[in-house]
Amino acid sequence: MSILSGIEEPLKMKYKLPLLWVLSLAFIASKAQTTDTIILKEIPLLGESTLLSTDENGYSLSQSPGVECRDLSQALYSNHTTHVRSYGPGQATTFSSRGANANQVGVFWNQLNIASPSLGVTDASLVPLNLFSVSQYTGGHSAAEGNQAIGSSLLISSNESTSSFVQLGMGSFNMYSGKGSFAYSLGSWKLRSQISAQAAENNYKYFTRDVEHERENAATHFHHIIQEAEVSIPSINGEAWLGAWYTNALRENPSSIISKQGNPSTLNDDQFKLSGRVTSQTRKNHWKLTAGLQWQHQRFTDFNQQFKDTNLTINSQLSGQWESPITPYLKIYAAADYLYSRTYGTATRHADQNNIALHYGLYFTHKGAKAQIIFRHEAIDTTFVPFIPSLSFSQKLIAGFSFVGKAGYQFRYPTLNDRFWIQGGNPDVKPETGYSGEIGLQWEMWGIELRSVYFTSRIDDYIAWNPGPSGFWTPQNIKQVESKGIETTLNGNQTLGKRLQLSYRLGHTWNEVVTTQSEIANDQSIGKQIIYTPENKIHGGLEVTLWALTLGSSYTFTSETFANSDHRPSSKIEAFGTWDFSVGYQYPLGKTMNTGIRFQLLNAMDQAYETLKYYPMPGRNYSLTLDFKF
Amino acid sequence: MKKVLFALSALALFGCSDDDDTNTIGTPGKYSSGTYIASEGVFQTGAGTVSYYQPEAKTVVNEVFIRENGFPVGNVLQDIGFNGEDAFLVVNNSGTMEVVEAGTFKSKNSVTGFTSPRYFTVVSNQNAYVSDWFADDVKVIDLTSFRIVDSISTGVGPEKMISNGAGITYIANSGAWTRDSVVTVINSNDHEVLKTVQVGDNPQSLQYDENGNPWVLCSGYADWTTPANSTAGKLIMLDPTTHEPAKTLVFPDNFNHPIHLHVYGSNLFYLSTNYGGKVMKMDANSTTLPTTPLTDKGFYNFSVDPSNGDIYGTDAKDFNQTGLVFRYDMNGTLLDSFATGIIPSTISFK
């Protein structure tokens, strides 16, 4: 029985309300002033990964050529620098990068780390991709971004589009969606309102023992509401920005295909985020104050309705940053962060955690050379994180080439579950620490960027849960993991003639990640690739726009992985590749309005694959969207 | 001949290796007697497996079921039981029980209709019981048709069972994720509940001693929210006629939860606590509990070979890689060790 069948009437109401709001806002937006209605892009300060990363532009996940992705999990899958683990479309999805595991990647919205403070991971299915601008910066950024920024950092920022739109969609497996984004002004305030609703049965076919089955208990239902507002403050030569983001997700949890199929367990997520910043920039000083709050409530009901678990967490952040030029070539910055986290779960003690961080650094730029050094000190309650330095540089060479490099110490402090889980939480478990570095070449000319870097990292005191002396499972610092690899990316945008535009991306990552030390007796995982981490990933995307017609295609290849740490043959997940195609047409309705239709065929070759053992992903499927931009 | 025996012995001295002889797949009687290890597999994302160990030859064959049948048995293989020429594989998270030919492990049938099956016990020539945790009942299995023919309500979280084969079956109600403290006594001729007996908190396993007295090991209640409210385990001998407690030994603290009771000769064996307890051994006539463990190593699960008293303990390591089984003699001397599947758990003998 699907949760959607049980809530059909409320579902219809839930669709009616957003659609009414969508239409109302569309009417208001069409009447409101539309000049200067852009939410200004945040001006980054030195202490942020956009400048610390050797790839200053990062990988845009929201504007990847090929096909349009519905949510962050789809975009991360279609990206050679990340690997996702997903229970199915719209289901809980975590991701990793450069050998770091899912709780060693940082996801930040206006500097607020949006990972669950109790679980330590971000569910990528809960981030609606095309309502934000999302960029990934690979490599470690702990000195600048703080906790978890080991494998990579994802920065979620305001939608850069200057237009408003309404979009309706449908697709395979009874998928329906509606979304709207409206930019308008009220007085001196510039606002953007965004809303999205989506539901899907996800009853796709899969095979076991050559018998076709239909996926059961995999229905999902999402709502997102985002409101942003910005105003200039001439007296301080700055601006203020406020953002509010609410997400509700109701999802059935499908069992693995070798487990009992029957009544579904369900996961109900409510997340509310509030963030704001005030910036001021003069010739001598640039400062920013940022505040953020995240409230997450997750409720789990098992398939027998006999065991319910609720997890309520709050995390908040208050930051102040300042920078100033010392010389024409040298800037200094300093920042202070205060973070507070609290959990109220049924399986964790009511517990809270206070973090204070100080970070500061220098930034040098002169004649094609850039260098940045940052130092960070952080305390978690009474535990001091080791001194975290980081250095990055880039040097322009000849003929469009640049030499880039970065090195630094990284850390991840234990989650609230690690410290306070009932029973077994270990308040004394130490933060994971280690180093990472990269060195490479970049070439940029004629609208083409080619970048290849060799990277390496090591994480000590790797936290793993194991049965402890009392018989309870408890987190312990018992492993060491080393990673190395080469990440190569080619990006390009070309305009040929008056009407033909090409954009493309081709990338390959080779990544060897092995356990090098372990305190588990007879640990056979030493020297082997860690679980669910492919050694090779390839992605290519191409988009051709001719007049009003857009054709896109993309291909993603993931090499084999293993579900067991000692690589038992029966735990192998075979390598797989998937093709996606899209065709779209935009029709102008006036000077500033147009309508468009887009058809996408995903996994066009009907490749059977899984990213988690015994959790098959959909075969060939389609989506159709109709949008109206103004 | 002597050279052949010497060569075989040399192989044995260097430990065990998987028998990879695919020519013997399907050979009648290949797995007809020996030691059978049920490895659970990682919850949801791993298949359970069967390992077959021959202690005389010190050889082990892993992944027996999938070798013989070409498909995985399911998720969380909990128990392996036998009745004549049939073997019964209870698969907890798949809600099924696979019936195989005991000698070849070829699949004969798949029994569905369970909620969360745990353990298998033959109660008569016609029937067996399977405890069903989340259903709070035991399913009655017809041993000819391999179908569920009835169910008997029990307490919360029915776990291990023992039957005298003459109409009396005891079921330990472990409390599942909560709490219970009763043993259900069933007339296994008509599948009716005879009595509900109050014992200690969370009874987990039962055995008959050499005099035919039933013993129940109660793990005690673990209060994860307020540890001070946890209760101590108990080892209780029941009167086989009245079924009431006749002798009770209380464990000394509330924080160790003994588990997995076994018997050999006049001795009782159990693990001192769950997830890594050491094997404890005591004489059934003793009035005090042992304080010194028999083994130097702690185990996830263990069993005792009823033919010779050898002790087998399982090591699940990080619960995500090949586990190990250690074999000791009944005095605690290590005899052998071998690799099995992921999370080796229940061990059966035939």
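**The second largest cavity**

Guide: Among the 31 residues that line the second largest cavity, those lying nearest its centre are A:Asn113, A:Asn147, A:Gln148, A:Leu339 and A:Tyr413. In chain A, two or more lining residues come from each of strand S5 (112-113), helix H5 (142-145), strand S17 (308-327), strand S18 (330-343), strand S19 (351-366) and strand S20 (369-380), helices (H or I, at least four residues) and strands (E, at least two) being DSSP runs numbered from the N terminus. S17(A) contributes the most, with 4 residues.

This is a predicted model, in which local features need pLDDT of at least 70 while totals for linings use all residues. Residues are numbered from 1 along each chain, and chains are lettered from A in the order in which they are written.

A cavity here is a set of points on a 1 Å grid over the protein atoms alone where a 1.4 Å probe fits but cannot get out, and a lining residue has an atom within 4 Å of a point. The second largest cavity holds about 350 Å³, a volume being the space filled by probe spheres set on the points, which are joined across faces, edges and corners. Its lining divides into 9 nonpolar, 16 polar and 6 charged residues, where Asp, Glu, Lys and Arg count as charged, Ala, Val, Leu, Ile, Met, Phe, Trp, Tyr, Cys and Pro as nonpolar, and the others, Gly among them, as polar.

For context, the whole structure has 7 cavities of 30 Å³ or more, and the largest cavity holds about 660 Å³.

Methods
Predicted model: local features only at pLDDT ≥ 70, side-chain atom pairs only at ≥ 80, totals over all residues. Heavy atoms only, no water. 1 Å grid on protein atoms, 1.4 Å probe; cavity = no way out; pocket = protein on both sides within 12 Å on 5 of 7 lines; lining within 4 Å.
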